[in-house]
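Below are some notes for a colleague who has not seen this structure before. They take the form of numbered points.

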Amino acid sequence: MLKLKYFELFRTLAVVLIALLLTMLFILLISDNKLETMRIFLAEPVSSRSHVGNVIELAIPLIFTGLAMALMFRMNLFNLGAEGIFFFSGLVAAAVGIQTGLSPFVHPLLAILAGGAVGSMIAFVVGFLKAKWDANELVTSLMFNSILLGVGLYILNYFLRDASAYTTSSYKIAATAQLARIIPGTRVHTGLIVALLLVVLVYLFVYKTRWGYELRMTGANRAFAEYSGIKTGRTIVYVHLISGFIAGIGGSIEVLGMHPRFDWTALPGHGFDGALVAMLAKNGPAAVVLSAFFLAYIRVGADMMSRYSDVPAEMLAVIQSVILLLVSADQFLKFWKNRMLLKEAQKNG
Amino acid sequence: MAEAVLEMRNITKVYPNGVVANRDVNFSLAEGEIHALAGENGAGKSTLMKILFGMEDPSEGEIRLRGAKVRFRNPQDAIAAGIGMVHQHFMLVPSFTVAENMILGMEPKRNGVMLNLREAVRITEEVARKYNLHVDPLAKVENLTVGMKQKVEILKALVRGAQILVLDEPTAVLTPQETAELFEELKMLKKNGHTIVFISHKLKEVKAICDRITIMRAGRTEGVFPIDAVSEQDITRLMVGRDVVLKYEKDGRPYGKPMLRVNGLTMAGAHGKLVLNNVSFSVREGEILGVAGVEGNGQTQLVEAIMGRAAGAAGTVEVDGTEIGRLDIERVRAQGVAYIPEDRMRQGAAGSASILDNLISTRYKRKEWNIGPLLNRKKMWKLSESLIEAFQIKASGPAQPIGMLSGGNMQKVVVARESDANPRVLIAEQPTRGVDVGAAQIIHHKMLELRRQGCAILLLSADLNEVLELSDSLIVMYEGEIVAYFDNPSELSEQELGLYMLGTKRQDAERIGRARHA
């Protein structure tokens with residue numbers, strides 16, 4: 001059993017290592033100043049307080065979406081709706097955030113909860129369709145992403161847009177709603193604390209509560225869960241509610257913590273990144289933190305590299321794809337293998 | 001006897017999850033014979049044939065073709081060696097024509113690239129004429145009857161040069177007329193020197209067409225016989241019998257009140273045929289009621305109806321006077337009903353979850369297993385440890401994933417979970433299928449203990465020895481009906497029971513009615 005656990009860990013580390021080696025290979029092929037470029041990519045993100053700050057700032061939204069995705073994947077639900085919810089809930093939080101006359105503690109709390117509640121409601125629709133009519137959650141959640149972008153842009157343009165701003169963006173978010181910075185010299189905000197707290201809560205929920213147990217059993221073998229008396233449809237619905245809530249407050253916190261105005265005119269991509277984070281973490285809540293920080297680290301490294309060397313940041317997309325491919329490939333094979341074994345076992349009972 | 005064209009020697013197959021599907025199996029085919037392979041579901045027939053066809057690797061053992069050792073890595077290898085397989089579920093492309101299906105994977109080309117359909121039609125017609133199997137090359141497969149599709153499958157194998165043809169339950173989907181036609185074709189093929197493996201449950205057909213029969217049970221070969229040397233009863237006995245004779249001491253205490261009462265259960269199957277026909281019986285406290293019958297005679301549906309999973313069943317199911325037929329499973333279980341399912345991998349366990357998680361799935365919700373919002377993991381751990389000990393489950397501990405256990409140990413976990421919650425009613429469906437004798441005995445003792453405590457047990461088993469030995473009374477099902485009721489089954493012989501199971505004999509309505517214990 002221990003062996004199996006280590007095997008998983010090794011496999012993940014191998015994926016990470018291959019990705020890093022590939023990055024080095026690209027740099028060797030492309031860069032004129034190979035060693036310096038490598039140094040920038042690897043060391044620059046941890047070279048100064050503000051750069052470390054960049055990594056943490058980027059990791060915060062990834063932890064939220066990673067958690068939201070990990071819950072879905074654990075249930076064998078391939079729901080990518082965190083992307084649209086992250087965007088739309090950010091808009092909702094901004095709409096609350098631009099109001100005035102609220103006190104500094106109540107204001108962000110209200111905005112974040114509003115974003116979370118809206119996220120839950122949106123996810124509920126997808127979950128309900130899945131539980132009730134077995135509508136494919138991948139299709140409905142992806143369609144919701146488009147719908148949410150369209151509706152969100154409409155609301156931004158017609159209700160929240162500041163005509164005096166140069167770009168398409170909302171009115172300024174009130175100072176009372178903005179999240180406090182917690183590390184001097186960086187933009188790291190209180191959202192980090194919320195994120196880490198949430199990781200603990202999700203961990204406890206999944207492994208220590210009866211609802212988490214229902215979730216794990218439904219994910220492991222739905223027929224078994226049904227047979228035991230677990231209402232799996234209900235489980236699917238509440239997992240969606242929770243996952244939507246997490247993605248929702250993630251989007252809200254990102255807007256209130258990092259953006260003076262709401263200015264997303266396209267989906268920010270954090271939701272899909274969350275899928276990568278969750279896969280790399282093998283859907284473990286604690287591992288999501290590590291995996292979010294790793295992704296943030298290579299992101300910032302690639303960003304620095306494009307700024308200070310001759311290798312473009314787009315290279316990162318290649319690296320990320322390789323990671324995703326390797327991680328999901330072994331997931332895919334495992335799933336396939338298990339299914340075959342199961343089929344066989346059923347026949348031969 | 002003719003020379004052995006194919007030999008499978010000492011084949012053992014263990015699947016990565018520990019299921020032993022074949023154990024030291026020997027199988028040999030003589031040139032030009034029709035050879036029956038008989039055995040229950042799960043006896044290992046499919047696995048053996050999958051190994052022969054290169055779909056599975058044997059863990060041990062070898063295959064010899066005309067004396068030479070061969071190894072099939074995939075079906076292509078097997079096809080190249082002259083082995084053809086007609087699967088129970090046809091492997092045809094419905095939207096393609098017969099000719100297109102025939103040449104799939106070996107397409108004749110024009111100018112090296114273009115598909116030569118005219119040649120495909122010619123090939124099809126040629127092989128059809130040669131084997132006297134008439135098909136229309138240009139007909140679309142989706143428009144063909146089942147019998148025609150089967151012909152196409154056979155031709156597909158023949159056109160690829162099959163000398164040995166494996167037919168997996170070929171008559172299961174055919175009408176009697178189509179079956180007769182198929183038999184003519186098979187005899188024709190035999191005359192042409194082909195060797196045929198005929199997998200079937202239908203013993204009459206096996207007797208009618210086969211030369212020899214190999215019988216499998218629980219992953220082993222039970223013997224090879226010339227077909228004239230064994231009767232249908234012999235075959236049945238060899239298929240379901242058990243090497244170790246079970247003997248248990250049972251006290252003759254009086255039964256309590258009827259605890260599980262089934263009244264007039266009737267249910268239609270997919271083809272409009274009744275799969276359950278007015279089934280009525282009751283199980284009293286402290287009684288084990290056995291259900292015997294050849295598989296597929298309504299036993300599965302009976303359990304589904306009791307557990308509330310069968311939609312559209314008429315009739316009532318009561319536990320201690322409370323109607324449960326329309327309740328969901330959680331509520332059925334709340335009535336004190338426990339259920340050992342037939343298929344432990346599908347329903348009985350979550351393979352990737354720990355033994356602990358598998359043991360608590362029916363009671364994690366109750367107050368005594370929770371502290372506020374959290375599960376009482378410590379208490380659950382203790383429970384798991386004590387059950388692992390009580391049932392002698394071979395495992396490293398409560399945290400071990402159940403999927404890593406052997407079939408017998410996995411089944412013990414299932415039985416431990418179901419029997420530990422003081423059930424009032426236990427539905428035991430094939431409780432010892434595919435488990436070793438030791439595990440079977442532990443499971444049987446547990447059932448007898450529950451019986452002493454006043455639990456009403458419904459035992460469904462294809463293992464006649466088990467049914468006869470454990471049951472206090474017995475019903476026999478045939479084609480969805482109860483055809484016999486016995487209140488002292490230990491005095492019943494397997495031969496006598498077999499006649500009722502095959503439907504040749506049935507009791508009058510009055511005697512059957514005594515199963516209601518009313």
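**Notes on the two chains**

1. In chain B, 68% of the contacts between residues at least 6 apart in sequence join residues at least 24 apart. Two residues are in contact if their C-beta atoms, placed from the backbone, lie within 7 Å. For chain A the corresponding share is 78%.

2. This is a predicted model: local features need pLDDT of at least 70, side-chain atom pairs count only at pLDDT 80 or more, and totals for chains, interfaces and linings use all residues. Residues are numbered from 1 along each chain as its sequence is written, while chains are lettered from A and ligands numbered from 1 in the order in which they are written.

3. Chain B holds 18 helices and 24 strands. Chain A has 13 helices and zero strands. Helices (H or I, at least four residues) and strands (E, at least two) are DSSP runs, numbered from the N terminus.

4. The radius of gyration of chain A is 21 Å, close to the 20 Å that the globule rule gives for 349 residues, so chain A is as compact as a globular protein of that length. The radius is taken over C-alpha atoms, and the rule is 2.2 Å times the number of residues to the power 0.38. For the 518 residues of chain B, a compact globule would come near 24 Å, and the value of 26 Å agrees. Along the principal axes, the C-alpha atoms of chain A fill a box of roughly 70 × 55 × 35 Å, and the trace of chain B spans about 75 × 55 × 45 Å.

5. Buried residues are 45% of the 349 in chain A and 47% of the 518 in chain B. A residue is buried if 20 or more other C-beta atoms lie within 10 Å of its own, exposed if 12 or fewer, and partly exposed in between, with C-beta atoms placed from the backbone.

6. The largest nonpolar core has 95 residues, and B:Ile427, B:Ile457, B:Leu458, B:Leu459, B:Ile475 and B:Val476 have the most contacts inside it. Helix α15 (residues 437–452) of chain B gives the most to this core, namely six residues. The core draws at least three residues from each of domain 2 (258–336 + 423–516) and domain 3 (346–419) of chain B; the domain bounds come from an automatic or database domain assignment. Apart from it lies another core, of 87 residues, including A:Leu148 and A:Met305. A nonpolar core is a set of buried Ala, Val, Leu, Ile, Met, Phe, Trp, Tyr and Cys residues joined through C-beta atoms within 7 Å.

7. How much of helix α3(A) is buried? Of its 26 residues, 21 are buried, so α3(A) is largely enclosed by the rest of the structure. Just after α3(A), A:Asn76 takes a positive phi of about 60°.

8. In helix α17 (residues 494–501) of chain B, B:Leu497, B:Gly498, B:Tyr500 and B:Met501 are buried. Seen down the axis of α17(B), the buried residues fall within an arc of 160°, so they line one face of the helix. The arc is that of the directions from the helix axis to the C-beta atoms.

9. B:Asn10, in strand β1 (residues 4–14), has a positive phi near 50° without being a glycine. B:Asn278, in strand β14 (residues 274–284), likewise has a positive phi of about 50°. B:Asn278 is partly exposed, with 14 other C-beta atoms within 10 Å.
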